[in-house]
Amino acid sequence: MMIIITIPLLLFTLVSSYADGWRTGETIDVSAIRSIVITGDASSIRISANADEPYRAETRGRRDGWFSRWYSSWFFSGCEDQSRMMIDGTTLSIAVASAKWFDLSDCSPEVVANIPPGGSIEVNQQAVMARFEGEFAKLGLSSKAADVTLQG
């Protein structure tokens, strides 16, 4: 009887030790931020300057790709976000990092922010898909491949 209970517990412990933790990223208050600098791996960026919404910035992983519709929570690897944010005075620096280079479905890093109107944004990435909505003082983009939407 003891073996019947011990074997499943041992297998469960072994399997769960290889499981990745689920993290959705960081969310921070950016009400004092006047500029954002984004560097690192390719990502999807959505930045707005809407005074009616809270001023926040968040990094997260978004699952997309061929198998994303069938990807279940039963699989071990969650769509982790490895990006890091740092505030220095009135500048928010975001270093975007991809989770893994191979998976059944791709996990894309995503940056979402709402900053006070009149802020500046600088993006320096190899590839970027970005949407900027609102009034910005300066918008700088350095990329080899970009899909950018500007509104406002």
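**Salt bridge tour**

Start by selecting arginine 131, which is partly exposed at 32% relative accessibility (buried is under 20% relative accessible area, exposed over 50%, partly exposed in between, with a 1.4 Å probe and protein chains only). This is a predicted model, numbered from 1 along each chain as its sequence is written; local features need pLDDT of at least 70, and side-chain atom pairs count only at pLDDT 80 or more. Totals for chains, interfaces and linings use all residues, while side-chain values use heavy atoms, without hydrogens and water.

Elsewhere, salt bridges with shared partners join Glu58, Arg60 and Glu110 into one network. Select arginine 60, partly exposed at 24%. Which side chains does it meet? Glutamate 58 is one partner, at 3.5 Å, N to O. Glutamate 110 is another, at 2.8 Å, N to O.

The arginine 60 to glutamate 110 pair links distant parts of the chain, 50 residues apart. Colour strand S4 (residues 56-64) for arginine 60, and strand S7 (residues 106-114) for glutamate 110. Strands are DSSP runs of E, at least two residues, numbered from the N terminus.

Is glutamate 110 buried or exposed? Buried, at 8% relative accessible area.

Last, zoom out: a search of the whole structure finds three salt bridges.

Notes:
Salt bridge = Lys/Arg side-chain N within 4 Å of Asp/Glu carboxyl O. Helix = DSSP H or I, 4+ residues; strand = E, 2+ residues; numbered from the N terminus.
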